[in-house]
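Good morning, colleagues. Please look at the display while I go through the model.

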Amino acid sequence: MLTAYGASVLTFMMLMYALERRHRYFVLAFGLGCALSAVYGFLIGTWPFGGVEAIWCLIAVRRFFASPEAPPSRH
């Protein structure tokens, strides 16, 4: 069960990373994926992996709040 969680979380994280340029909310979703990946790392006992993923989570959240809002669309 834990392996399935880890594989799902890492797949989600990589997908959000690939989509980051499409919208700033994908950066936030990537941060969520990093947080979930950090939890996975801590659960399986790999503290360095969990720590690095937690740092990536903080970096992604900071990037989200530092990125400019998308201009309003003209419809």
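The chain exposes about 5500 Å², of which carbon and sulfur atoms supply 71%; accessible areas come from the Shrake-Rupley method with a 1.4 Å probe, and for residues only the protein chains shown count as cover. This is a predicted model, in which local features need pLDDT of at least 70 and side-chain atom pairs count only at pLDDT 80 or more, while totals for chains, interfaces and linings use all residues. Residues are numbered from 1 along each chain as its sequence is written, and side-chain values use heavy atoms, with hydrogens and water left out.

Of the 75 residues in the chain, 29% are buried. Buried means under 20% relative accessible area, exposed means over 50%, and partly exposed lies in between, with a 1.4 Å probe and protein chains only.

The chain has three helices and zero strands, in the order α-α-α along the sequence. Helices (H or I, at least four residues) and strands (E, at least two) are DSSP runs, numbered from the N terminus. The C-alpha trace spans about 50 × 20 × 15 Å along its principal axes.

Let us turn to Glu 20, in the loop between helix H1 (2–18) and H2. Is Glu 20 buried or exposed? Glu 20 counts as buried, because its relative accessibility is 12%. Its side chain is joined to that of Arg 63 by a polar contact of 3.2 Å. A polar contact is a pair of N or O atoms within 3.5 Å; within protein, one must be able to donate a hydrogen and the other to accept it, and residues adjacent in sequence count only if both atoms are side-chain atoms.

Next, the aromatic rings. The structure holds five aromatic pairs: rings of Phe, Tyr and Trp (its six-membered ring) pair if their centres lie within 6.5 Å, and planes under 30 degrees apart count as stacked, over 60 as edge-to-face and the rest as tilted. One of them is Tyr 25 with Phe 64, a tilted pair because the planes stand at 50 degrees, with ring centres 5.3 Å apart. Tyr 25 lies in helix H2 and Phe 64 in helix H3 (residues 47–66), so this pair ties together parts 39 residues apart in sequence. Phe 64 is buried, at a relative accessible area of 6%, whereas Tyr 25 is partly exposed at 46%.

Finally, Arg 24 lies over the face of Phe 64, 4.1 Å from the ring centre. A charge sits over a ring if NZ of Lys or CZ of Arg is within 6 Å of the ring centre and within 35 degrees of the ring normal.
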